[in-house]
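Colleague: I am new to this one. Could you show it to me and take me through the terms as we go?

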Amino acid sequence: MKEKEMIFGIRAVIEAVEAGKEIDKVIVKRELSGDLFKELSTVLAAHNIPMQKVPIARIDKFTRKNHQGVIAFLSAITYERIEDIIPFLYEQGKNPFIVVLDGLTDVRNFGAIARTCEVAGVDAIVIPARGSVTVNADAVKTSAGALLKIPVCKEQNLGEALHFLQNSGIKLVAATEKGANVYTNVDYTGPVAIVMGAEDTGVSHENLRICDELVKIPQFGTIESLNVSVAAGVLIYEVIRQKNIQ
């Protein structure tokens, strides 16, 4: 990561947050304390910016500058709000098509999914604020620039975001090996959100319970599952296929 994509030092990070800079997360050394650190913690909490305590050696890997034990990572984009996007899409006479990524952590998979979403005309991507990939320079590069073109919503509570989508008339379809239906047996022609899970654990149990449909992709080999970006592409293009044959 380039140094221009980071902000170093406690006061500099506080000022950047208060100035409205789009920050993905902040890492601080574990032993950090004192009044200025308390002020930083308060400011980050007020702006819902994740803070992670790490060993000082990890911080030193990013820079040898006087970081004071604090580095903030800048976002490559301005995130949008799903509460704003959905009403706008309905006002445009569209059936919203959303892709939700529950706990995805591999930036290459994220970039590949975003590229497919942009090509397929997906209206927005939703990610959680914590425990997930973010839109950094590597993700943008892997997406071939797609993440600069498609709205991305970073939600503090993914469950609440799913409920909002559901209450907005959008069918939630989760991809999971626990699915009762093969993915092609579900109707995607109306407003729909495809929910994809983390590479290792899949969609969380809490979020699976919220979803309207649980679908699976048939498997005929011996490997346990498809790569998540490939699985997302399969489902996204089934949605496109159904919408285009009406």
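Modeller: A crossing is left-handed if the near helix is turned anticlockwise from the far one by less than a right angle, and right-handed if clockwise. Here α1 passes α2 in a left-handed crossing. This is a predicted model, where local features need pLDDT of at least 70 and side-chain atom pairs count only at pLDDT 80 or more, while totals for chains, interfaces and linings use all residues. Residues are numbered from 1 along each chain as its sequence is written, and side-chain values use heavy atoms, without hydrogens and water.

Colleague: What makes α1 roughly parallel to α2?

Modeller: Helix α1 (residues 10–18) and helix α2 (residues 35–46) pack at an angle of about 25°, with axes 10 Å apart. Angles under 35 degrees count as roughly parallel, so α1 is roughly parallel to α2.

Colleague: Which residues of α1 and α2 make the contact?

Modeller: Contact means heavy atoms within 4.5 Å. From α1, the contact is made by Ile 10, Arg 11, Val 13, Ile 14, Val 17 and Glu 18, and from α2 by Leu 36, Glu 39, Leu 40, Val 43 and Leu 44. By class, this contact has eight nonpolar, no polar and three charged residues; Val, Leu and Ile are among those that count as nonpolar, and Glu and Arg among the charged.

Colleague: How is the chain divided into domains?

Modeller: Into domain 1 (6–74) and domain 2 (82–243), with bounds from an automatic or database domain assignment. Their C-alpha centres lie 31 Å apart, and six residues of domain 1 are in contact with seven of domain 2.

Key: Axes fitted to C-alpha atoms, helices over the stretch in contact; angles between N-to-C directions. Helix = DSSP H or I, 4+ residues; strand = E, 2+ residues; numbered from the N terminus. Parallel < 35°, antiparallel > 145°, perpendicular 65-115°, else oblique.
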